[in-house]
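Please open the model in your viewer and keep the selection panel at hand. The stops below are taken in order, each with something to select and something to look for.

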Amino acid sequence: MTIYQYNFPTKIQFGPGSIARLPEAIKQAGKSRPLIVTDRALAPLAPVTGTTQRLTHAGASPAVFSGVWGNPVKSQVLAGVEAYRAHHADSIVGVGGGAALDVAKAIALLVDHPG
């Protein structure tokens, strides 16, 4: 099994089994309250529930924002920012396809750079 890594400027790890490294990556970054951003169809399935359980088991306090569907729009991003703040999140984990990942990136941008 090969795990790949890409840094520019954020470290990205991907490949079969790479999700097992997530709790340690969160911990090494000094974070403990991730907001998992995903779409509403994926939220009840193993990729999200397993990630949530894995993080919880490792001592983190994750929350899930699943308000993404179709092509991402501003209202989904703003709702995600509200979820981030309500959870007092300190990090974001995007799970899913393009829309969920785009919304996750936009949330990350807006929590520190309003407007």
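**Stop one: helix 4**

Select helix 4 and begin with the side where Lys105 and Asp112 are exposed, exposed meaning over 50% relative accessible area, buried under 20%, and partly exposed in between, with a 1.4 Å probe and protein chains only. Helices here are DSSP runs of H or I with at least four residues, strands are runs of E with at least two, and both are numbered from the N terminus. Before going further, note that this is a predicted model, in which local features need pLDDT of at least 70 and side-chain atom pairs count only at pLDDT 80 or more, while totals for chains, interfaces and linings use all residues. Residues are numbered from 1 along each chain as its sequence is written, and side-chain values use heavy atoms, with hydrogens and water left out.

Now colour the buried residues of helix 4, which are Ala100, Val103, Ala104, Ile107, Leu110 and Val111.

**Stop two: Asp39**

Select Asp39, which is found in strand 3. When residues up to four places away in sequence are not counted, Asp39 touches Ser66, Val68, Val95 and Ala100.

**Stop three: helix 3**

Move to helix 3, where Gln76, Val77, Gly80, Val81, Tyr84 and His87 are buried. These residues cover an arc of only 140 degrees around the axis, which puts them on the same side of helix 3. On the other side of helix 3, you will find Lys74, Glu82 and Ala86 exposed.

Pick out Gln76 in helix 3, which is buried, with a relative accessible area of 3%. Apart from neighbours within four places in sequence, Gln76 is in contact with Phe65, Gly67, Val68, Trp69, Asn71 and Val103.

**Stop four: the two helices together**

Show helix 3 and helix 4 at once. They pack at an angle of about 60 degrees, with their axes 9 Å apart; the axes are lines fitted to C-alpha atoms, for helices over the stretch in contact, and angles run from 0 to 180 degrees between N-to-C directions. Helix 3 and helix 4 are therefore oblique to each other, since angles under 35 degrees count as roughly parallel, over 145 as roughly antiparallel, 65 to 115 as roughly perpendicular and the rest as oblique. To see the contact, display Gln76, Val77, Leu78, Gly80, Val81, Tyr84 and Arg85 of helix 3 together with Val103, Ala106, Ile107, Leu110 and Val111 of helix 4.

**Stop five: His88**

Most residues other than glycine have a negative phi. At 61% relative accessibility, His88 counts as exposed.

Methods
Contact means heavy atoms within 4.5 Å. The arc is that of the directions from the helix axis to the C-beta atoms.
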